[in-house]
Amino acid sequence: MNILQYGNNPYFTDEFNALGHRVFRAGERADCDLRLTSVISAQRLCDICAGKGFAPDIFFHADDSCLPHLFYVEELKIPSVFFSIDTYCHVWHGPYSRAFDRVLYAQGEEKEKFPEHAEHFPLFAKKFSPFESRKEWTENRRIPVAFVGTLGHKNNPDREKFFTLYKAFMPIFITKGNFEPVFRQTRIILNQSAAGELNFRTFEAMALGCACLADNMPTDKNNIASIFTFGENSLPAYPRGDVAKAVDYSVHWLSEEKEEALYELAMRGRQLVLEKHSAKVRAARLDEIFRELAAGSAVRDRLNTLAERRQAVGRAYALLAQQEVLDLSLRRVYAVLQKKY
């Protein structure tokens, strides 16, 4: 199949290619196959692709926290899939998802924001460390605790304070950028989410052989219990924002008497992500979804319910037009789009 992927992050490009698909990425980054510099219709994007010798069979919107610069997605004549990741900080995702034939959401607690047929589609890891013996793990893991990420992120204003307090009581290596070399040398990755969500770092740390100490709590609401088990393949979670508990857990699991247990937990976590939560596994499920949509009546069913769907998408643009953090000119564009709906 020819997959037209909208979004800056090439989440499954390699995996799709390995399955025999062709991928054409459209987004705002320079490394996309087509760099978008203005708001255009989804059909116009398809026409541009066709003019470049790529006739899309599937439209796949892979959320990377960017704004929707495509409109009239609900009118596409090809099947469409929306993968929502950062739902917690994008209130428009829910109504906007009504433009698509199939909706996937990464965060279990966001289920109620999407159509009834939406599918929970957890995050994943792309890079894995090889299996390590106890001796290899002990020798390779010279960094006791680490964090790789942005401290002053606008969507997570409490992060810098949390890590500043943690560092006052417990040594921790903090950096940003390429996480892979750091994770391969670390025993515990201290994770801190923006809103209690399961973020990429959870899966990336486990895939690279680290024990993940996260602040996500195992509740039925977010389906964490269906993904991994705290204390078995991920360290017991500390209450969100509780620096003292995060320090206590770190000291406990880094003690000499817990070294064997920490190693075994890290290896179980790595194996779990490799088997069930890799980009390869997710791409295989997407392949099934794409083929189901191509063989079914999804497009016809969507086009037969355009009025209802357009009302929902109009609400999404109304929400975007009201976001004061956005550039005024872009808010005006969304206001104009809202009126068109």
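Me: Let's start with S65: what is its relative accessible area, and how does that class it?
Reply: Keep in mind that this is a predicted model. S65 sits in the loop between β5 and β6 (70-71), and it has a positive phi of about 70° although it isn't a glycine. Buried would need under 20% and exposed over 50%, so S65, with a relative accessible area of 27%, is partly exposed.

Me: Okay, on to the largest pocket. Which residues lie nearest its centre?
Reply: The largest pocket has a volume of about 1,400 Å³. Its lining takes in 43 residues. S65 turns up again here, since the ones nearest the centre are D64, S65, D86, H153 and F200.

Me: Which helix gives the most to that lining?
Reply: By kind, the lining residues of the largest pocket split into 19 nonpolar, 14 polar and 10 charged. The helix that gives the most supplies three residues and spans 200-207. That's helix α7.

Me: Now the rings. Is the pair F16 and F290 stacked, edge-to-face or tilted?
Reply: The count comes to 29 aromatic pairs. In this one, the ring centres are 5.8 Å apart and the planes are at 50°. Stacked needs planes under 30 degrees apart and edge-to-face over 60, so F16 and F290 are tilted.

Me: How many residues apart are those two?
Reply: F16 belongs to helix α1 (residues 13-18) and F290 to helix α10 (residues 279-295). Both F16 and F290 are buried. The pair links distant parts of the chain, with a separation of 274 residues.

Me: What about F59 and F100, how are their rings arranged?
Reply: F59 is in strand β5 (residues 58-62), while F100 is in the loop between α3 (93-96) and β8 (102-105), 41 residues apart. Both F59 and F100 are buried. Their rings are 6.2 Å centre to centre with 15° between the planes, and the cut-off is under 30 degrees, so the pair is stacked.

Me: Which residues do ring pairs link into a cluster with F59?
Reply: F100, the partner of F59 in the stacked pair, belongs to it. So does Y72, one of the residues with a positive phi.

Me: Which residue lies over the face of Y341?
Reply: There's a charge over the ring of F121 too: the charged end of R282 sits 5.9 Å from its centre. For Y341, the distance to the ring centre is 4.5 Å. The residue there is R310.

Me: R102 next: which side chain does its own side chain contact?
Reply: R102 lies in strand β8. At 16% relative accessibility, R102 counts as buried, because the limit is under 20%. Its side chain makes a polar contact at 3.4 Å with the side chain of E292.

Me: Last one: what separates the C-alpha atoms of V23 and D33?
Reply: V23 has its place in strand β2 (residues 22-27), and it's buried, with a relative accessible area of 16%. V23 and D33 are 10 residues apart along the chain. Their C-alpha atoms are separated by 9.1 Å.

Key. Residues numbered from 1 in each chain as written. Predicted model: local features only at pLDDT ≥ 70, side-chain atom pairs only at ≥ 80, totals over all residues. Heavy atoms only, no water. 1 Å grid on protein atoms, 1.4 Å probe; cavity = no way out; pocket = protein on both sides within 12 Å on 5 of 7 lines; lining within 4 Å. Points joined across faces, edges and corners; volume = space filled by probe spheres on them. Helix = DSSP H or I, 4+ residues; strand = E, 2+ residues; numbered from the N terminus. Nonpolar A, V, L, I, M, F, W, Y, C, P; charged D, E, K, R; others polar. Phe/Tyr/Trp six-rings, centres within 6.5 Å; stacked < 30°, edge-to-face > 60°. Buried < 20%, exposed > 50% of the residue type's maximum accessible area, 1.4 Å probe, protein only. Lys NZ or Arg CZ within 6 Å of the ring centre and 35° of its normal. Polar contact = N/O pair within 3.5 Å; in protein donor to acceptor, adjacent residues only side chain to side chain.
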